[in-house]
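Here is a short note on the structure. Please read the points in order, with the 3D view open.

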Amino acid sequence: MSMIEIAGLNLSFGTGAALNAVLHDVDLSVAEGEAFGLVGESGSGKTTVLRCLAGQYQHWSGQLRVAGQAVTRNLPLNHYRTVQMVFQDPYASLHPRYTIDAALQEPLRIHGIDGRAQKVSEILRKVGLNDSFRFRYPHQLSGGQRQRVAIARALILRPRVLLLDEPTSALDVSVQAEILNLLADLRRQEGLTYLMVTHDLAVVAHLCDRLAVMQQGRVVETLDSHLLASDGATHAYTRLLVQASRDIQRIPIAV
């Protein structure tokens with residue numbers, strides 16, 4: 001079963017002579033329970049795809065479906081019971097004047113869900129934190145702890161799909177592996193489907209089953225992640241990305 005289906009997705013900004021097309025007929029299919037990566041250089045359109053699915057952009061054309069339901073331009077509230085997003089910078093995505101407890105209870109309150117205090121405690125434990133963090137503020141946490149809170153906030157409504165926008169790029173290298181391992185564990189335990197944006201092929205190799213490579217708003221290649229390690233990429237741009245990763249020694253790809 002496909003959990004995410006994207007067909008002919010187009011998006012432009014501006015009008016007239018200033019019109020800038022940023023997505024060109026993007027087609028993707030992500031199976032239920034799969035971790036799927038979107039990779040490419042900055043400006044390739046990968047984060048824009050996530051924002052269309054999350055409802056942050058509404059002037060796209062094409063077809064989007066999640067869990068068999070069409071994604072419309074004016075999304076109903078229950079869409080966010082299925083799809084949630086984890087942003088790149090956990091500090092910027094958490095309100096500085098909200099305690100962790102308030103930040104985690106807010107989506108439960110919006111959706112009219114009872115037993116909020118218990119659910120906050122439960123979700124904190126799932127992401128490796130405890131109740132001592134509930135009444136702290138974001139500035140009192142480390143970067144890794146803040147990202148754990150951001151993941152907890154995304155999971156507290158028990159969605160089936162997480163959209164991950166470079167979830168480790170703002171973290172210290174020593175913390176990145178911890179967060180990736182947490183995401184891998186949560187995917188297995190909760191049966192989640194991931195669509196993750198990253199420019200780091202090492203992250204793809206660690207977490208994702210398949211990936212699509214984007215260049216200038218187009219998908220130029222889709223392949224299994226293990227093919228990165230065995231020279232299985234066929235598109236010249238994908239091979240360029242692989243070679244760049246080897247050059248900086250960030251991805252264990254055999255030469």
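1. Start with a term: a residue is buried when its relative accessible area is under 20%. In this predicted model, 49% of the 255 residues of the protein count as buried.

2. Next, the overall build. The protein has 8 helices and 10 strands. Its radius of gyration is 18 Å, close to the 18 Å from the globule rule for 255 residues, so the protein is as compact as a globular protein of that length. The C-alpha trace spans about 50 × 45 × 35 Å along its principal axes.

3. Look at the contacts. Take those between residues at least 6 apart in sequence: 66% of them join residues at least 24 apart.

4. Now the inside. Nonpolar side chains tend to be buried together in soluble globular proteins. The largest nonpolar core here has 47 residues. Leu104, Ile151, Leu186 and Tyr194 have the most contacts inside this core. Helix 6, residues 173-190, gives the most to the core, with 6 residues.

5. Which residues does tyrosine 194 touch, not counting those up to four places away in sequence? They include Val30, Phe36, Leu162, Leu183, Leu186 and Leu207. Glu34 and Arg187 are also among them.

6. There is also a second, separate core of 32 residues. Met3, Leu11, Tyr57 and Val71 are included in this second core.

7. Finish with the surface and the charges. The accessible surface comes to about 12,000 Å², and 47% of that belongs to carbon and sulfur atoms. The protein has 25 positive and 24 negative side chains. The centres of these two sets lie 7 Å apart.

Note on methods:
Residues are numbered from 1 along each chain as its sequence is written. This is a predicted model: local features need pLDDT of at least 70, side-chain atom pairs count only at pLDDT 80 or more; totals for chains, interfaces and linings use all residues. Side-chain values use heavy atoms; hydrogens and water are left out. Helices (H or I, at least four residues) and strands (E, at least two) are DSSP runs, numbered from the N terminus. The radius of gyration is taken over C-alpha atoms; the globule rule is 2.2 Å times the number of residues to the power 0.38. Buried means under 20% relative accessible area, exposed over 50%, partly exposed in between (1.4 Å probe, protein chains only). Contact means heavy atoms within 4.5 Å. Accessible areas come from the Shrake-Rupley method with a 1.4 Å probe; for residues, only the protein chains shown count as cover. Lys and Arg count as positive and Asp and Glu as negative; His and the chain ends are not counted. The place of a charge is taken as NZ of Lys, CZ of Arg, CG of Asp or CD of Glu. A nonpolar core is a set of buried Ala, Val, Leu, Ile, Met, Phe, Trp, Tyr and Cys residues joined through side-chain atoms within 4.5 Å.
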